[in-house]
Structures are given as C-alpha cells and as structure tokens.
Amino acid sequence: LILLKKRKPPDMSEDLQNQKCTPCEGGTQPLERDRIETLLAQVPGWEVSDDGKRIFRKFEFKGFYKTMAFINAMAWVANQEGHHPDFEGGYNFCLVNFSTHAIDGLSENDFICAAKLNALIDE
C-alpha cells in the first residue's frame, strides 16, 4: 500500500518562473488574446499594451544603486533565457517591456521572463 501525500496546487507564477524560454525564430503565431489574459494573471504588476504586442511593468526602487542592481540582475536573467527586454531606467525606476520581435507579438517567453523578474523583488 502506497500512501500519497496531498500536495497543494502549484502557484501559477512559480510554474512560469521555473520554465525555460524556447528559441523563437518566427513562423509561429503570436499568442491569442485569451491566452495572453490567462498568462497575464500569473505575473502580478504587468500590463498588456493596447495593441496586444507587448507586456510592460514599471519597477520602482529606493535610489540609483538598487535600480542598477535590478537592471544587472535583469540582464543576467535575459542572457540565461536568451530573451531580452527593451527597458528604460532612471534614478529610482526601471520600465521593462517584453515582446517577441520575431513574431511581432507575445509568446510564452515574454511571460516566463516577466515571472523571473518578479521573483527578483520582494512583493
């Protein structure tokens, strides 16, 4: 007789955070709006652009040093995943935009990276 422990269901954002981006060379379709909404719910703080082609979030920090530490950590994540954001940084903020340029829209890679960036900060 094998007893199975009851496990709590995984946190969806944790699931995205543990996934790995897959190379996107184009030739695939961008995500449909309903899939975007499902994934967006798993990355708190992120919004989808009006045209549905990118997700973005403004991270705010207490000072330049913390902003730069985040930007450097973001660069490390982006290089590990092979999926790079567009961003704008200032003294106490970093505005991050993810889009999959090869398909001119959103892919799951964008949401995987968003979840990984969310994990860098204390919520």
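# Fold, helix packing and ring pairs in a predicted model

Along the sequence, the protein chain of this predicted model runs in the order α-α-β-β-α-β-β-α.

Q: How many helices and how many strands does the protein chain have?
A: The order along the sequence is α-α-β-β-α-β-β-α. Counted by type, the protein chain holds four helices and four strands.

Q: What share of the contacts with a separation of 6 or more comes from residues 24 or more positions apart?
A: The protein chain has 123 residues, and buried residues make up 40% of them. Among contacts with a separation of 6 or more, the share from residues 24 or more positions apart is 65%.

Q: At what angle do helix α3 and helix α4 pack?
A: Two packed helices are described by the angle between their axes and the distance between the axes. Helix α3 covers residues 64-81 and helix α4 covers residues 108-118. α3 passes α4 in a right-handed crossing. Their axes are 10 Å apart, and the packing angle is about 145 degrees.

Q: How many nonpolar, polar and charged residues are in the contact of α3 with α4?
A: On the α3 side the residues are Phe70, Met74, Val77 and Glu81. They meet Ile112, Cys113, Lys116 and Leu117 in α4. By class, the contact has six nonpolar, no polar and two charged residues.

Q: With which side chain does the side chain of Glu81 make a polar contact?
A: Glu81 is in helix α3, and counts as buried because its relative accessibility is 10%, under the 20% limit. Beyond its neighbours within four places in sequence, Glu81 is in contact with Gln19, Lys20, Cys21, Ile112, Cys113 and Lys116. The polar contact, at 3.2 Å, is with the side chain of Lys116.

Q: How many of the 11 residues of α4 are buried?
A: The buried residues in α4 include Ile112, Cys113, Lys116 and Leu117, which also meet α3. Helix α4 is largely enclosed by the rest of the structure, because the number of its 11 residues that are buried is 10.

Q: How many residues apart in sequence are the parts that Trp46 and Phe98 tie together?
A: The count of aromatic pairs is four. Trp46 and Phe98 form a tilted pair, with 5.9 Å centre to centre and 40 degrees between the planes. Trp46 lies in the loop between α2 and β1 and Phe98 in strand β4, so the parts tied together are apart in sequence by 52 residues.

Q: What is the centre to centre distance of the aromatic pair of Phe59 and Phe70?
A: Phe59 lies in strand β2 and Phe70 in helix α3, so this pair ties together parts that are 11 residues apart in sequence. Phe59 is buried at 2% relative accessibility, and Phe70 is buried with a relative accessible area of 5%. The pair is tilted, with 40 degrees between the planes and a centre to centre distance of 4.6 Å.

Q: Which residues do ring pairs link into a cluster?
A: Trp46 and Phe98 are both buried, and they form an aromatic pair. Phe59 and Phe70 form another pair. Through ring pairs, the linked residues are Trp46, Phe59, Phe61, Phe70 and Phe98.

Q: What is the phi of Asp104?
A: Asp104 is found in the loop between β4 and α4. With a relative accessible area of 47%, Asp104 is partly exposed. Although Asp104 is not a glycine, its phi is positive, at about 50 degrees.

Conventions: Residues numbered from 1 in each chain as written. Predicted model: local features only at pLDDT ≥ 70, side-chain atom pairs only at ≥ 80, totals over all residues. Heavy atoms only, no water. Axes fitted to C-alpha atoms, helices over the stretch in contact; angles between N-to-C directions. Helix = DSSP H or I, 4+ residues; strand = E, 2+ residues; numbered from the N terminus. Left-handed = near helix turned anticlockwise from the far one by under 90°. Contact = heavy atoms within 4.5 Å. Nonpolar A, V, L, I, M, F, W, Y, C, P; charged D, E, K, R; others polar. Buried < 20%, exposed > 50% of the residue type's maximum accessible area, 1.4 Å probe, protein only. Polar contact = N/O pair within 3.5 Å; in protein donor to acceptor, adjacent residues only side chain to side chain. Phe/Tyr/Trp six-rings, centres within 6.5 Å; stacked < 30°, edge-to-face > 60°.
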